[in-house]
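Please look at the chain on the screen while I take you through its main features.

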Amino acid sequence: MTEDAAGAGAALDGAEAPDTLGHTSVFPPPPSVYRHFTERNLAWLALLQEAKATRAPSDDADATARLRTQTEILAKAVGEGSELVPPDLDLEMELTPPNVAWIEEDGGFQLFGQRWPIPDISPSLSQLGLPDLCGVDTAGSRDYRHALHTLLHTLLQTYWELIGDLLRPVQPYDVWVPAPDSAEAPTQGTWQPSSHIQDRLKHMETTVINFQYLVNQMRPAHTREALRQLLAAQVERRRTAAAQLRAQCGAIRSELEHLTM
């Protein structure tokens, strides 16, 4: 491998790879902008903000004009004869946190290649284009436990039927479909592949998605119950510790009384 090819590969691994993996990897790396958060750049940013506090605000929408204005402000702040060279980086654009008000006004934000709305809204089954097997989107209050048991029984029943289909003797999975105008000639028609196995698989997939949707709907109640149990365990631990401290204090008092006698 030549030096140019090695340098190009290193540049790809260092610059383009994190951005590419950020959209494809299950555990994506941090954004490549984190490399700009050095002590030197942060010091330049603090100097820039301090210098701009005494200046009139400028409306530099263009990145080139904004960078030129930043260079002029920093060069004037450090002095004409200084050897410090301002960085060729839009400090305020790259290093300052995003404006939360703008994000809320925009109605969402981008994260790992996906757009997340504000407030976070979970799409319903009808919005996902899936049938609602238990009517969870239409019923105001529903017994989620009973619905989950029903979906589990449906899933097991469909799986059992699918296993039964696969255990049958080998046969062509085709069905005879008569022609529309073949009442007088029943021999006219076509053989078409049966889709009952595909239908069972599709029904199992829909059942699993409904099951997961119900579980996600129950997460707030599960969180509250987990928090209640956590607080109860914490109170019990403190009561036990307090009882042990009282018992230890009582033992110490008894020892002191024996010593004074």
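What share of the contacts in the chain with a separation of 6 or more comes from residues 24 or more positions apart? The share is 51%, where contact means heavy atoms within 4.5 Å.

The model is predicted, with local features needing pLDDT of at least 70 and side-chain atom pairs counting only at pLDDT 80 or more, while totals for chains, interfaces and linings use all residues. Residues are numbered from 1 along each chain as its sequence is written, and side-chain values use heavy atoms, with hydrogens and water left out.

The chain contains eight helices and four strands, taken as DSSP runs (helices H or I, at least four residues; strands E, at least two) and numbered from the N terminus. Of its 261 residues, 15% are buried; buried means under 20% relative accessible area and exposed over 50%, with partly exposed in between (1.4 Å probe, protein chains only).

Let me turn to helix H2, residues 39-52. Its buried residues are Asn41, Trp44, Leu45, Leu48 and Ala51. They lie on the same side of H2, because they cover an arc of only 130° around the axis, taken from the directions from the helix axis to the C-beta atoms. Glu39 and Glu50, on the other side of H2, are exposed. The cover over the buried residues includes helix H3 (63-78) and helix H4 (91-95).

Finally, consider Asn210, in helix H7 (residues 196-217). Asn210 counts as buried because its relative accessibility is 2%. Leaving aside residues up to four places away in sequence, Asn210 touches Leu125, Pro131, Asp132, Leu133 and Leu151.

Key: Expected span 1.5 Å × (residues − 1).
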